[in-house]
Amino acid sequence: MEPKISAVKDGIYQITLTPPIEGFADFISAWLVQGQPSFLVDVGPASSAGQLLTALDTLGVTRLGCILLTHIHLDHAGAIGQVSARFPQARIICHEKGIPHLVDPAQLWERSRKVLGALADGYGPLDPVPPERFVPAQGFSADGIAALITPGHAPHHVSYRTPACLFAGEACGVWYRFAGGHEYMRPATPPRFFMNAAIGSIDALIACAPTRMVVGHFGMLEDGTGLLTRHREQLLFWEKWIGDRIGRPTGEATVSRCMEGLLAEDPLLSAFDQFPPPAQQREKYFMGNSINGFLGWIRNSEGGRRKGE
C-alpha cells in the first residue's frame with residue numbers, strides 16, 4: 001500500500017497511512033512540518049511504518065529535529081521504533097507516563113491485544129526504543145514548540161502548539177468534513193474516561209485561541225476554537241443524554257440503545273451516513289468504546305465526581 005501525501009499548507013504535509021484493516025483508509029495519518037528544524041507529529045501503527053518511511057523519502061526528509069507523540073496508542077505511536085531508528089538524531093517528545101511503555105513495550109502490546117483483539121494485530125507490535133531518545137513532554141518548549149498536557153482521550157495525552165498550527169491529537173475527538181461542508185464529530189472517550197479532565201483540557205486549548213488546528217482523526221481546519229467549542233458542547237450533550245435516558249446500566253444492549261439514540265439525536269453525528277459501509281463499521285466500533293467511557297464516568301460519578309489523572 002502506497003502512502004497518500006497531501007501538501008496541506010506551506011511546509012505542512014499530511015501523510016495518510018492505511019493499516020491492513022478493512023474500513024481504516026483515510027483514518028490514520030502522520031504530519032510532517034518542514035523547516036529549521038523539521039518535525040513529525042505521530043507515526044501511525046507499526047504495520048504502516050514502511051508507508052511512512054517511503055513518504056518521508058519521497059519528500060526528501062533526511063533529518064528530523066524531533067518526533068512529537070500525542071499519545072502512545074498503537075495507531076499513533078506504534079511505528080516509533082522503526083521511525084526513530086531511521087532518524088537517530090531526532091528527539092522523541094512523549095508524556096512521561098508513556099515513555100516506559102515505549103522503552104519496554106511488552107506490557108503495552110499485551111494489554112492492547114487484550115482490549116483490541118484482532119484490531120491490535122492489524123496495527124502490529126511495537127519495537128522498543130532506547131530510553132535516552134526520549135524527552136518528557138511535561139514542560140517541553142523548544143524551537144517554538146510547546147507541549148500542552150491534555151488528558152481526556154487518554155491520561156497521557158499531549159497536544160502541541162507550534163508555529164505551524166495547534167496539533168490537538170484526539171483531545172477534541174474525531175472530526176471529518178465531507179463534500180458540501182457537512183461535518184461529522186465523534187467523542188473519543190474510551191474507558192476509563194474522566195469527563196472533568198477532558199473538559200479541562202478542551203478549555204485549556206480554547207484559551208490558546210487556535211485558528212489553524214490539526215485533529216489526529218482526521219485533518220486540518222482553520223477554526224480550531226470553533227471546533228473545540230462545538231466538541232465541548234457535544235461532550236456535555238452526551239453526558240446529559242446518557243445520564244437522563246440510560247443512567248448506570250451497562251452491557252451490549254445498553255451500548256446499542258445509546259448508539260441508536262445518539263445517532264438519531266446528536267446533530268454532530270448527522271453526517272454518519274456519508275461514510276462508506278466499512279468505515280461506518282469502524283465508527284460504530286469506536287463509538288461503542290466512547291459510550292462505554294461515558295457509562296463508566298456516570299456510574300463512578302454518583303456521589304461525587306472523581307478527579308481525572
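Helices are DSSP runs of H or I with at least four residues, numbered from the N terminus. The model shown in these views is predicted.

**Figure 1. The largest pocket and the helices that line it.** The largest pocket holds about 970 Å³ of space. Its lining is made up of 34 residues, and those nearest the pocket centre are His73, His153, Ala154, Pro190 and Pro191. Three helices each give at least two residues to this lining: helix 2 (74-77), helix 5 (106-116) and helix 10 (277-301). Helix 5 provides the largest share, with five residues. Sorted by class, the lining of the largest pocket contains 16 nonpolar, eleven polar and seven charged residues.

**Figure 2. The second largest pocket.** A volume of about 170 Å³ is found for the second largest pocket. The lining of this pocket consists of 14 residues, with Pro191, Gly296, Trp297, Arg299 and Asn300 nearest the centre. Five of the lining residues of the second largest pocket are nonpolar, six are polar and three are charged. Pro191 is also listed among the residues nearest the centre of the largest pocket.

**Figure 3. Asp266, a buried acidic side chain without a salt bridge.** Asp266 sits in the loop that runs between helix 9 (252-265) and helix 10. Asp266 is buried and has no salt bridge. The side chain of Asp266 does make a polar contact of 2.8 Å with the side chain of Trp238.

**Figure 4. The salt bridge between Arg86 and Asp57.** This pair belongs to a set of twelve salt bridges found in the whole structure. The closest N and O atoms of Arg86 and Asp57 are 3.1 Å apart. Arg86 is in helix 3 (residues 80-86) and Asp57 is in helix 1 (residues 49-58), so the bridge links distant parts of the chain, 29 residues apart. Arg86 has a relative accessible area of 40% and is partly exposed. Asp57, at 47% relative accessibility, is partly exposed as well.

**Figure 5. The salt bridge between Asp143 and Arg91.** The side chains of Asp143 and Arg91 form a salt bridge with an N to O distance of 3.4 Å. Because Asp143 is in the loop between strand 8 (141-142) and strand 9 (145-149) while Arg91 is in strand 6 (residues 91-94), the bridge ties together parts 52 residues apart in sequence. Asp143 is partly exposed at a relative accessible area of 49%, and Arg91 is partly exposed at 31% relative accessibility.

Figure 6. Arg230 and Glu183 meet through their side chains in a salt bridge of 2.7 Å, N to O. Arg230 belongs to helix 8 (residues 224-245) and Glu183 to strand 13 (residues 183-186), so this bridge ties together parts 47 residues apart in sequence. Arg230 counts as partly exposed, at 24% relative accessibility. Glu183, with a relative accessible area of 16%, is buried because the cut-off for that class is under 20%.

Conventions. Residues numbered from 1 in each chain as written. Predicted model: local features only at pLDDT ≥ 70, side-chain atom pairs only at ≥ 80, totals over all residues. Heavy atoms only, no water. 1 Å grid on protein atoms, 1.4 Å probe; cavity = no way out; pocket = protein on both sides within 12 Å on 5 of 7 lines; lining within 4 Å. Points joined across faces, edges and corners; volume = space filled by probe spheres on them. Nonpolar A, V, L, I, M, F, W, Y, C, P; charged D, E, K, R; others polar. Buried < 20%, exposed > 50% of the residue type's maximum accessible area, 1.4 Å probe, protein only. Lys, Arg positive; Asp, Glu negative; His and termini not counted. Salt bridge = Lys/Arg side-chain N within 4 Å of Asp/Glu carboxyl O. Polar contact = N/O pair within 3.5 Å; in protein donor to acceptor, adjacent residues only side chain to side chain.
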